[in-house]
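Please read this briefing alongside the sequence and the structure shown below.

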Amino acid sequence: MRVVSLVPSLTEAIAVSLPGVVVGATDWCSHPPDLDVARVGGTKNPKLDPILALAPDLVIANEEENREPDLTALREAGVAVLVTEVRDVPQAFEELARVLDACGAPSRPRWLDEAEQAWAQLPEPEGRITAVVPIWRRPWMVLGRDTFAGDVLSRLGVDNTYATHAERYPRAPLDELRSTAPDLVVLPDEPYRFTADDGPEAFAGLPCALVSGRHLTWYGPSLGEAPRVLGAALRAARR
């Protein structure tokens, strides 16, 4: 089986579970750190000719991360494309199992069972807090409705103030974000790389949690440690 993955978290899931199966991945596929495969451009601008030159049996994509015209072009060139949809934690586990099965996994990998167990055994949050979750600045964009990252936070006791917005990733002026008066501002390091010096200064007076974007937005092996890693970062910001 020869697989090209256009989804960073799924690249990691396949490569860890089925070494040697992934032959091509995007420039953003950073895990596993030692992944040595052909790079085929970005998630939004994959290079179709190099993908076809790899003669993949299957291309793995996601309805949110990849563009339909690119996927259609691959199908028209005779390549099988599996498109995933992940809007919450349970769906992530379902889609991971489907992807690994399609890539030829003889059985469920241990990490997937352990990750699912970690979320199933997650204790009920002691209390709930509200948060604004920027994912970009210039312009400011935040998590809105129906997102995987929003569901992750909700299970950790964090209610996204934009969870009922009409858009999944709304743009909003900074003054509006501040005016929601959240208990916390959650700043991931991807897709925009928020840091201690780039992000918190915009929300003076509000506690800010700098969190791992991989643990917040990726659905793969990182799911196993995500409750612990994210929980620690969220608690630390409110001390």
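**Helix α5 and its surroundings**

The buried residues of helix α5 pack against α1 (8-17), α4 (89-102), α6 (148-155) and α9 (226-237). This is a predicted model, in which local features need pLDDT of at least 70 and side-chain atom pairs count only at pLDDT 80 or more, while totals for chains, interfaces and linings use all residues. Residues are numbered from 1 along each chain as its sequence is written, and side-chain values use heavy atoms, with hydrogens and water left out.

- Helix α5 spans residues 110-120, and Trp111, Leu112, Ala115 and Trp119 are buried in it (buried means under 20% relative accessible area, exposed over 50%, partly exposed in between, with a 1.4 Å probe and protein chains only).
- Viewed down the axis of α5, these buried residues fall within an arc of 100 degrees, so they line one face of the helix; the arc is that of the directions from the helix axis to the C-beta atoms.
- An α-helix has 3.6 residues a turn, so residues three or four places apart point the same way.
- Arg110 and Ala120 are exposed residues on the face of α5 turned away from its buried side.

**The chain as a whole**

- The chain contains 9 helices and 11 strands (DSSP runs numbered from the N terminus: helices are H or I with at least four residues, strands are E with at least two).
- The radius of gyration is 18 Å, close to the 18 Å that the globule rule gives for 239 residues, so the chain is as compact as a globular protein of that length; the radius is taken over C-alpha atoms, and the rule is 2.2 Å times the number of residues to the power 0.38.
- Of the 239 residues in the chain, 51% are buried.
- Of the contacts between residues at least 6 apart in sequence, 57% join residues at least 24 apart, where contact means heavy atoms within 4.5 Å.

**Loop residues**

- Pro123 lies in the loop between α5 and β6 (129-132) and counts as exposed, at 59% relative accessibility.
- A cis peptide bond runs from His31 to Pro32, with omega near -5 degrees, and Pro32 is in the loop between β2 (22-25) and β3 (38-39).
- Arg138 and Pro139 are also joined by a cis peptide bond, with omega about 0 degrees; Pro139 is in the loop between β7 (134-136) and β8 (141-142).
- Asp146, in the loop between β8 and α6, has a positive phi near 55 degrees and is partly exposed, with a relative accessible area of 38%.
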